[in-house]
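I opened this notebook to record what I looked up in the structure, beginning with the fold and then turning to the ligands.

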Amino acid sequence: MRYLDAAATTPVRREVLEAMWPFLTGEFGNPSSHHGLGDSAARALEGARRDVAAALGGRPGEIVWTSGGTEADNLAIKGLALSRPRGRHIVTSSIEHPAVLEACDYLARLHGFRVDRLEVDASGIVDVAQAERLIGPETTLVSVMLANNEIGTLQPVAAIAEIAHREGALAHTDAVQAVGSVPVDAAALGVDALSLSGHKLGAPKGSGALWVRRGLALEPLVHGGGQERGRRSGTENVAAAIGLAAALSLAVEVTPGGPRPRGPVEALALARDGFVRDVLAGADGAILTGDPVRRLPGHASFCFPGTSGEAVLLGLEQDHGIVCSSGSACAAGSDEPSGVLLALGIDPEVARTAVRFTAASPADLDGVAAAVVEAVRGVRSLGD
Amino acid sequence: MSLISAPITYLDHAATTPMVPEAIAAMNATMLEGGNPSSLHASGRRARRRVEEARELVAQRVGARPSEIVFMSGGTEADNLAVKGLYWARHHADPARRRILASAVEHHALLDPLTWLEKAEGAVADLIEVDASCRLDVDALRAALERDPSDVALISCMWANNEVGTVQPLSEVVALAAEHGIPVHSDAVQALGHAPVDFADSGLDAMTLSSHKLGGPTGVGALVVRRELDAVPLLHGGGQERDLRSGTLNTAAITAFAAAVDVAVTRRDEESRRLEALRERLVAGVRTAVPDAVVNGAGEPGPTHRLPHVAHVTFPGCEGDSLLMLLDAQGIECSTGSACSAGVPQASHVLIAMGMDELAARGSLRFSLGWTSTEADVDRLLAALPSVHERARAAAKAGRR
Ligand SMILES: Cc1ncc(COP(=O)(O)O)c(C=O)c1O
Ligand SMILES: Cc1ncc(COP(=O)(O)O)c(C=O)c1O
């Protein structure tokens, strides 16, 4: 099997599981307990916090453990907005992950916030000029993702954060897809909060963190035992935190110039470019969605007009053992065309033909283009 | 001191208990498998199947329907969803409903969201008193309810208390609530595996479960909730768990949780008898070693009175923290109360609600047994206790002088 759906989830890396193992077995203590086992769990948790902070260019006290990217996004958006509502105005983009969009929508429905979604151009890049116009003295929070999960487009987050700060608003970014693939340095980006999910990085599902700038008030979503200095109650998932730290250390190198991905990023982008070229040349009418250059290195997403995305997926899986997806995993199985693709101005019929390939290493893409071309032709010939 | 560290005597299973081998095996098997249960391809479908099988197993073991199980990150999140989510839904449906009735001895995972709703959203928390054994005063609940049933959004009463192990008169609570059509939630985190927990039989509308208290991994749990009940989610996003809890499903942990629930429920009878006997030995030994020690909570054994694995003891004239540290130095681990508030030099709200004075409350320890506990563990505690107790009492005396 060739797994080309790393954007949906990645298998847990063996080294990560090995790092977690002691905490799933003998070192099972509750970090809030005041005895030997509890203390050693608490120490391990703090070690993991230091590692995760370093890999994001932050400080240990700025990390809040969460149960994943969805919770980190919800905590950032609701937590920051509710603790300092200002003029109850949120600016986000039209291509955010549902975890961001739905959290904003909740604030609109139940807390009287006004939410503006920035438009994107045909390659999926947010309109910075529109951001300049929309963000103002009323604005509470601006949330624009670092890299999009469906089309891989990288966003000008630093520029957006600068505008937000100029107007006295806070800035959050969902870096779930970006961490480990492109350099992510929270301090250099100038944002106030940044979300992270472990299972996109070789750590288990259910691991994640929110980096939130020191000193910022954050209204918790989950109240109870007062863990995480009251910002996130609940018995800490030590093994998951250790796993997240181990996966991040494997994926990110902390250099004097800031955190950098360890992986063969240039080689991966090069292989991806070759793959895109071959698919576009071989599959008639195929279009690349998202920006050809400003995108995640292992990410290639297409529409194949005149096919059905699902049928291409099935053909690739059954005939070639290639596993990919039609877009975001959350929306899988729904008939609705992707909101992200519609935001790019893609026709709904065409949007239904989307197929996304996300590779972790250059070798993953070897020979895949030919299979894609064949699968697309196969589906088209069925339709004739 | 010996160079080889002494084996640890772990008597804090109510804080967290090691994973049972079945849960470790399940976790190990699914962890490396990968696959996002929301993906359509084979690895996604396999992950989805694992989650659905786990859902069926948990449902079966707790007397619920699979569609009533909503997986989430643990007991604290489930309590938060129950309190806030049900309050929001009921309050939005009828703004007159602002009151939440709960026992005064709930876990912080329940009390803190209540307090937050009061502060942030104008809800009114009506905490119902308990008697000296920690059992809910049903007459007080009735009085509070009948003062104005129409303004009550929700009743929450834990199945069994985490500090002293007292089992609450839930069927009476449910019957009272039913007269007025008010939903009832129960935190069954400490009860599952130690008391016969059956969601359908209980008549409850919602119930909280946590995995790491019963031999599964930390970071997973469930809210069991009747389908007809509306709740506003805490986490929004991809719409997983019938929109009640978004976020990529934690396949490996969920699978391991289900394996642990399976083991805990199927072995409950036998294990309860074993733990009850161990507790008996512990309590008798403590009384011999420290004749003025007071064992708190319900006296009578049995699943409608108290949990078999918790022994909560007051040592008059001692500071619980000193006892804890002295025992810890000998490799014996227990707690002064719930793990969450451990370390905060504050008397437990549970003990205060039981009418204990501040001093006695601070001089208490909780010993909680679990699947790894043996007679040897109990005997090591009993062997250490006389000298530990003497030193703690002397230290307290010196401190008061
Ligand atoms: C961009 C983005 N944000 C947030 C999430 C949600 O993270 P999690 O799956 O850990 O809840 C995902 C993945 O599903 C994602 O791709
Ligand atoms: C009665 C009770 N409810 C809720 C919780 C919280 O559960 P979790 O640790 O899974 O967040 C605990 C344990 O800490 C508990 O004992």
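**Chain A: overall form**

I compared the radius of gyration of chain A, 21 Å, with the value near 21 Å for a compact globule of 384 residues, and the two agree. I note here that the model is predicted.

I then looked up the extent of the C-alpha trace of chain A, which spans about 70 × 50 × 40 Å along its principal axes. For secondary structure I recorded 13 helices and 14 strands in chain A. I found that 61% of the 384 residues in chain A are buried. Among contacts in chain A between residues at least 6 apart in sequence, I noted that 73% join residues at least 24 apart.

**Ligand 1**

I located ligand 1 between chains A and B. I listed 16 residues around ligand 1, the closest being Gly68(A), Gly69(A), Thr70(A), Ser197(A) and Thr248(B). Which element gives the largest share of the shell around ligand 1? I found helix H3 of chain A, residues 69-83, with three residues. By class, I recorded eleven polar, three nonpolar and two charged residues in the shell around ligand 1.

**Ligand 2**

I placed ligand 2 between chains A and B as well. I listed 19 residues around ligand 2, and the closest are Thr235(A), Gly74(B), Gly75(B), Thr76(B) and Ser210(B). Helix H3 of chain B, residues 75-93, supplies the largest share of the shell around ligand 2, three residues. I divided the shell around ligand 2 into twelve polar, five nonpolar and two charged residues.

How values were computed
Residues numbered from 1 in each chain as written. Chains lettered and ligands numbered in written order. Predicted model: local features only at pLDDT ≥ 70, side-chain atom pairs only at ≥ 80, totals over all residues. Near = placed C-beta within 6 Å. Helix = DSSP H or I, 4+ residues; strand = E, 2+ residues; numbered from the N terminus. Nonpolar A, V, L, I, M, F, W, Y, C, P; charged D, E, K, R; others polar. Rg over C-alpha atoms; globule rule 2.2 N^0.38 Å. Buried ≥ 20, exposed ≤ 12 C-beta atoms within 10 Å, placed from the backbone. Contact = placed C-beta atoms within 7 Å.
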